[in-house]
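Please look over the model below before reading the notes on its secondary structure. The notes are grouped by topic and can be read alongside the coordinates.

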Amino acid sequence: MADTRMPTSPARRIAIIGGGPGGLYAAALLKRLDPNREITVWERNAPDDTFGFGVVLSDETLGGIEHADRAVFESMQRDFVRWDDIDIVHRDTRQTSGGHGFAALGRKRLLEILHERCRDLGVELRFRAEAPHPDRLREAYDLVVAADGVNSSTREAYAEVFRPHVTTHRCRYIWLAADFAFTSFRFEIAETEHGVMQLHGYPYAADASTVIVEMREEVWQAAGFAELDEEGSVERCAKIFADALGGRPLRSNKSAWTTFRTVVNEHWSHGNLVLLGDAAHTAHFSIGSGTKLAVEDALALAACLEEQPSPAEALAAYEQERKPVVASTQRAARASLEWFEDIARCLDRPPRQFAFSLLTRSRRVTHDNLRLRDAGFTEAVEHEFGCPPGTPPMFTPFRLRGLTLRNRVVVSPMDMYSAEEGVPGDFHLVHLGSRALGGAGLLMTEMVCVSAEGRITPGCTGLYTGRQAEAWRRITEFVHTRAPGTAIGVQLGHSGRKGSTRLMWEGMDEPLPDGNWPLVAASPIPYKPGSQTPRQLSRAQLTDIREQFTSAAWRAARAGFDLLELHCAHGYLLSGFLSPLTNQRTDAYGGSLAKRLRFPLEVFDAVRAVWPEERPMTVRISATDWAEGGTTAEDAVEIARAFAGRGADAIDVSTGQVVAEERPEFGRSYQTPFADRIRHEAGIPVIAVGAISSWDDVNSLILAGRTDLCALARPHLYDPNWTLHAAAEQDYDGPAVSWPSPYRAGSRRPQTGRTDAPKPRLTLGT
């Protein structure tokens with residue numbers, strides 16, 4: 001809906017809906033930047049009403065406040081409580097990690113500071129007053145800032161413009177307080193007869209702490225909290241966490257159990273109306289980001305209005321600046337809240353690993369970051385894990401059946417589309433050979449097709465002829481001879497309905513302009529509009545394809561591969577049987593998950609029967625289709641269990657690419673939670689893959705027990721020697737990596753020109 005109510009001249013009359021920290025701080029900043037502005041804040045509650053107790057702010061946010069308004073910063077600083085430690089109490093064992101650096105103060109005190117600052121600057125504060133309807137405000141004011149919280153009525157009034165998406169999560173929580181100060185940020189886990197409950201606690205004054213009690217909805221119901229009033233809930237929580245509280249009581253402030261909702265808006269402004277803080281976005285309290293984000297929004301909005309020539313350009317710049325930052329925070333917050341939702345699966349981890357997993361749950365705190373903060377704690381976690389002194393987790397060995405990998409790094413399968421008639425050539429020798437020399441524990445081929453009709457493109461490699469097998473032997477012999485210690489695995493697959501397409505750089509998933517071959521699949525459903533419709537496989541054809549897989553596996557064994565992976569992911573043939581979106585058969589191979597598994601398991605059994613007993617087999621799956629009605633995370637666990645029961649040695653956990661209409665939730669190591677779940681619920685080793693880019697990520701995921709191996713694709717395209725360089729950057733020179741003799745002279749970073757300069761030692765007066 002287009003809107004032209006946006007003045008081209010500076011915004012002089014500003015209305016702010018909501019008197020929380022974000023709205024008040026925006027008012028103070030905007031008035032300070034231009035004392036001639038007329039700014040009015042509407043707040044429905046009384047000045048001393050507040051919900052929640054303490055507010056945690058990061059050093060980065062405090063730096064922004066200090067720079068923008070030193071008076072506010074100095075007032076806050078006088079009331080700050082600061083501490084460094086995080087305590088994690090689990091099964092009567094406390095793990096402490098230091099060096100984190102927190103600052104907090106009471107929410108009520110923060111509001112008092114902002115009220116005082118606004119009054120000093122001449123901002124009009126209207127308490128116990130409902131703001132007029134936004135339409136009226138937009139007519140009367142140059143700019144309207146909606147800072148009216150998670151339940152924003154302004155956002156809902158313009159829902160067709162802002163297009164909010166609200167996700168309700170699986171835990172109940174309640175904000176409480178205790179009349180003493182914790183000495184650390186404390187996480188305490190209670191395993192009760194009803195299920196797992198957790199306490200999040202931190203000091204916000206010399207004699208007071210915030211206490212949040214959280215648990216899954218089903219645990220909350222089973223524990224009887226639904227039948228208790230506010231007083232009863234407070235007493236029950238104090239009893240459950242009596243040890244953490246030292247037997248002291250808890251208190252409430254209109255506290256009620258609630259379920260966290262993540263708010264995302266496609267747009268943040270409409271004409272002269274803009275959203276700020278929780279009205280625009282929310283992020284779970286477990287990363288302490290609500291007030292932080294609102295204050296940072298206020299800083300950015302004020303700066304953009306100051307820097308841009310018109311309010312319209314300022315609001316566009318504000319949204320452009322803040323959206324990526326908020327999206328990143330929300331991804332971290334979601335990872336954190338899901339860790340707590342699924343905490344039960346982590347309880348049996350060793351004590352220090354459990355603590356490390358909790359600390360790194362958002363993926364923002366990492367192994368290297370923790371080492372800088374608290375080297376002693378990190379070394380204790382490594383020792384418990386089994387790392388020899390001076391050995392990063394990624395450089396510990398891992399055994400799969402008769403194959404011991406010297407480190408935890410896998411060069412992920414990457415289609416090169418550079419073969420002729422399915423034969424890998426000089427390009428593949430150089431491509432795979434260079435990455436074998438680069439130090440990874442396991443090097444995987446691209447998907448190697450089991451028949452000409454099973455190719456994705458004309459440039460795909462195969463193992464359906466003797467000539468192809470001999471070409472592969474040339475590559476495996478190079479790897480074993482020139483890169484001893486690196487294992488090489490083959491990934492076998494059939495394109496199914498995603499075949500007969502152009503080379504990736506000519507049009508990914510687009511049909512060939514000519515020379516197409518017929519496609520087959522579980523069901524006659526094209527991949528996307530314009531794609532070829534495959535034929536549904538008959539029972540006789542299923543037998544033929546199973547034999548194609550076994551023939552290819554036999555050739556792979558003779559070609560010298562150390563490991564075989566069966567490709568059951570990404571919408572290719574076997575994946576197409578697993579997903580209910582692509583398998584709509586009504587015979588014994590369709591319907592329930594058990595029936596959809598039947599053909600992939602038959603292929604696995606047939607391949608395992610011809611693959612040498614001592615050599616491991618893995619299976620790559622798509623753990624979710626990222627589409628409604630498709631494979632779920634629960635299904636993925638059952639799929640993994642089924643393959644594990646047939647003898648799979650590990651599951652390579654990818655996601656998606658099954659249907660064209662998917663909506664993936666991309667982010668840093670975004671597929672790892674699926675691997676983590678499969679590892680702990682199905683009890684099988686896993687390979688994590690997807691947006692894992694740094695050696696710090698690998699160390700973090702391995703040490704936290706989220707995965708056993710990490711597969712990286714694009715980082716190895718950028719740097720074939722990625723693993724060797726990771727070792728050099730961590731000063732590791734042990735048995736898990738070996739620089740090829742001709743390369744050892746380059747095993748240290750090249751020297752560069754000095755960029756530092758002598759630091760001033762004296763300050764002389766004039």
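What follows is a briefing on the sheets, strand pairs, helix contacts and backbone angles of this structure. The model is a predicted one, and local features are described here where pLDDT is at least 70.

- Strand E1 (residues 13–17) and strand E2 (residues 38–43) run in the parallel sense and are joined over 5 bridges, with isoleucine 16 standing opposite valine 41 in E2.

**The seven-stranded sheet**

- A further open sheet has 7 strands in the order E6-E5-E11-E12-E13-E10-E14, again with mixed pairing.
- Strand E6 (93–97) and strand E14 (258–265) stand at the edges with a single partner strand each, so one side of each is left without a neighbour in the sheet.
- On average, and with direction ignored, neighbouring strands of this sheet are turned by 25° against each other.
- Strand E5 (residues 86–90) pairs with E6 in the antiparallel sense over 5 bridges, and the bridge partner of aspartate 87 is threonine 96 in E6.

**Buried strands and their partners**

- In a regular strand the side chains alternate between the two faces of the sheet.
- In strand E3 (residues 54–57), Gly54 and Val56 point one way while Val55 and Leu57 point the other way, and all of them are buried.
- E3 pairs with strand E7 (residues 102–106) in the antiparallel sense over 4 bridges, and glycine 54 stands opposite glycine 106 in E7.
- In strand E28 (residues 709–712), Leu709 and Ala711 point one way and Cys710 and Leu712 the other way, and here too all are buried.
- Strand E19 (residues 409–411) pairs with E28 in the parallel sense over 3 bridges, with valine 411 standing opposite leucine 712.
- Strand E27 (residues 686–689) also pairs with E28 in the parallel sense over 3 bridges, with valine 689 standing opposite alanine 711.

**Helix–helix contacts**

- Two packed helices are described by the angle between their axes and the distance between the axes.
- Helix H16 (residues 426–437) and helix H17 (residues 466–482) pack at an angle of about 25°, and their axes are 10 Å apart. Because angles under 35 degrees count as roughly parallel, H16 is roughly parallel to H17.
- The crossing in which H16 passes H17 is right-handed.
- From H16, Asp426, His428, Leu429, Leu432, Gly433, Ala436 and Leu437 take part in the contact, and they meet Trp472, Arg474, Ile475, Phe478, Val479 and Arg482 in H17. Sorted by class, the contact of H16 with H17 has 8 nonpolar, 2 polar and 3 charged residues.
- The axes of helix H2 (residues 59–68) and helix H11 (residues 290–307) come within 10 Å and cross at roughly 35°, in a crossing that is left-handed.
- Thr61, Gly64, Ile65 and Ala68 of H2 make this contact with Lys292, Val295, Glu296 and Leu299 of H11. By class, the contact of H2 with H11 has 4 nonpolar, 2 polar and 2 charged residues.

- Arginine 91 is placed in the loop between E5 and E6, and its phi is near 50°, which is a positive value in a residue other than glycine.
- With a relative accessible area of 41%, arginine 91 is partly exposed.
- Aspartate 509 lies in the loop between helix H18 (504–507) and strand E22 (520–521), and its phi, near 65°, is likewise a positive value in a residue other than glycine.
- Is aspartate 509 buried or exposed? Aspartate 509 counts as buried, because its relative accessibility is 18% and the cut-off for buried is under 20%.

Conventions: Residues are numbered from 1 along each chain as its sequence is written. This is a predicted model: local features need pLDDT of at least 70, side-chain atom pairs count only at pLDDT 80 or more; totals for chains, interfaces and linings use all residues. Side-chain values use heavy atoms; hydrogens and water are left out. Axes are lines fitted to C-alpha atoms, for helices over the stretch in contact, and angles run from 0 to 180 degrees between N-to-C directions. Helices (H or I, at least four residues) and strands (E, at least two) are DSSP runs, numbered from the N terminus. Angles under 35 degrees count as roughly parallel, over 145 as roughly antiparallel, 65 to 115 as roughly perpendicular and the rest as oblique. A crossing is left-handed if the near helix is turned anticlockwise from the far one by less than a right angle, and right-handed if clockwise. Contact means heavy atoms within 4.5 Å. Ala, Val, Leu, Ile, Met, Phe, Trp, Tyr, Cys and Pro count as nonpolar, Asp, Glu, Lys and Arg as charged, and the others, Gly among them, as polar. Buried means under 20% relative accessible area, exposed over 50%, partly exposed in between (1.4 Å probe, protein chains only). Two strands pair if DSSP finds at least two bridges between them.
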